[in-house]
Amino acid sequence: MKYTDLAYYNGKISPIREMQVPMLDRGCYFGDGIYEACLSFNGRMLGLDEHLDRCYNSMRLISIEPPMEKAEMKAKLIELVGLMESEVNFVYWQVTRGAGMRNHAFSGAETGASFWVMISPKTPTPIETVYKLITAEDKRFYYCNIKTLNLLPNVLYNQQAHDAGVGETVLHRNGRVTECSHSNISFLKDGVFKTAPLDNLILPGITRKHLIALCNQEGIPVVEEEYMLEELFEADEIIVSSSSNLCSNVSEIDGKPVGGKDPETLAKIRAAYRRKVKEDCGYDL
Ligand code: PLP
């Protein structure tokens with residue numbers, strides 16, 4: 001049997017809207033868990049091993065005992081993606097700390113970790129997408145390197161972008177750019193690809209990692225250093241990246257025109273990403 005969309009929870013499979021989960025799952029009331037998301041093309045998930053590595057690292061960072069070995073999780077995800085009708089899918093999974101009566105301390109959790117998956121069809125976002133951005137002070141906590149379910153600030157920042165009719169909100173701490181509500185942000189200046197360093201203020205994006213590898217491959221120098229908002233306004237090109245939006249550039253921030261000054265290097269990076277998707281997943285983006 002093939003599905004148009006699919007949910008999985010601890011061994012149960014159903015269409016997403018039919019899945020019911022126990023109220024006592026700690027994911028429901030504490031957001032006590034971590035997640036991953038990627039795209040699948042022709043049954044192949046882009047960057048799957050890297051997403052699994054980050055998934056197991058996120059669990060380790062918040063002391064969740066994995067519900068299964070990494071290889072078993074990989075096999076299960078491949079099996080579930082294989083049950084989908086559509087060629088391109090958004091694959092989301094999360095691991096929560098299991099179920100138990102509400103108690104902040106988790107040492108008394110009553111079950112092991114829960115494994116949740118949701119897969120739905122996705123129309124791939126064109127790689128040439130152009131974004132407009134707004135800016136906001138980054139008021140999140142200092143666990144931004146962990147892909148936790150606690151995304152309320154990100155949800156609010158994304159809604160702000162939506163309300164402003166733009167694609168993303170770029171966050172900064174006292175002017176130092178961190179990332180966007182659900183993307184990383186990097187820029188090109190004088191032929192150099194610059195991006196914020198990996199610390200606890202940003203998520204170590206898999207797409208950011210791919211972009212760095214592709215720049216290295218294409219002979220584009222990469223600098224991973226803190227940078228300020230002013231540098232974005234002065235950038236030749238700005239790149240917003242995430243698993244569902246691989247390499248968007250930016251035309252405007254807070255209503256001011258930005259970027260558009262190095263279309264050649266941007267096109268080179270996008271061409272390299274297209275080749276990667278073709279090689280890894282057999283798909284023409
Ligand atoms: N930063 C945040 C806060 C995100 O939520 C995401 C993706 O969900 C990213 C960056 C990009 O990460 P990735 O490229 O792994 O999708």
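Q: Which residues form a nonpolar patch on the surface?
A: Leu152, Val155 and Leu156 do, with about 300 Å² of accessible area together. Patch members have over 30% relative accessible area and no salt bridge; like charges are joined within 9 Å, nonpolar side chains (Val, Leu, Ile, Met, Phe, Trp, Tyr) within 5 Å. Areas come from the Shrake-Rupley method with a 1.4 Å probe, and for residues only the protein chains shown count as cover.

Q: What kind of model is this, and what pLDDT do local features need?
A: This is a predicted model: local features need pLDDT of at least 70, side-chain atom pairs count only at pLDDT 80 or more, and totals for chains, interfaces and linings use all residues. Residues are numbered from 1 along each chain as its sequence is written, and side-chain values use heavy atoms, with hydrogens and water left out.

Q: How far does α4 reach from its first C-alpha to its last?
A: 18 Å for 13 residues, close to the 18 Å expected at 1.5 Å a residue. The expected span is 1.5 Å times one less than the number of residues.

Q: Which residues of α4 are buried?
A: Asn154, Tyr157 and Ala161. They cover an arc of only 65° around the axis, which puts them on the same side of α4. The arc is that of the directions from the helix axis to the C-beta atoms. Leu152, His162 and Asp163 are exposed on the other side of α4. Buried means under 20% relative accessible area, exposed over 50%, partly exposed in between (1.4 Å probe, protein chains only).

Q: And α7, which residues are buried there?
A: Thr265, Leu266, Ile269, Arg270, Ala272, Tyr273, Lys276, Val277 and Cys281. Their arc around the axis is only 160°, which puts them on the same side of α7. The face turned away from that buried side carries the exposed residues Glu264 and Glu279.

Q: What comes just after α7?
A: Gly282, which takes a positive phi of about 65°.

Q: New topic. How many aromatic pairs does a search of the whole structure find?
A: 7. One of them is Tyr35 and Tyr92, stacked at 5.5 Å centre to centre with 20° between the planes. Tyr35 is in strand β3 (residues 33-41) and Tyr92 in strand β5 (residues 88-96), 57 residues apart. Rings of Phe, Tyr and Trp (its six-membered ring) pair if their centres lie within 6.5 Å; planes under 30 degrees apart count as stacked, over 60 as edge-to-face and the rest as tilted.

Q: Is Tyr35 buried or exposed?
A: Buried, at a relative accessible area of 13%. Tyr92 is buried as well, at 16%.

Q: How many salt bridges does the structure hold?
A: 22. A salt bridge is a side-chain nitrogen of Lys or Arg within 4 Å of a carboxyl oxygen of Asp or Glu. Arg97 and Asp32 meet in one (2.8 Å, N to O), and both are buried.

Q: What about Glu36 and Arg54, where do they lie?
A: They form a salt bridge of 2.7 Å, N to O. Glu36 lies in strand β3 and Arg54 in helix α2, so the pair ties together parts that are 18 residues apart in sequence. Both residues, Glu36 and Arg54, are buried.

Key:
Helices (H or I, at least four residues) and strands (E, at least two) are DSSP runs, numbered from the N terminus.
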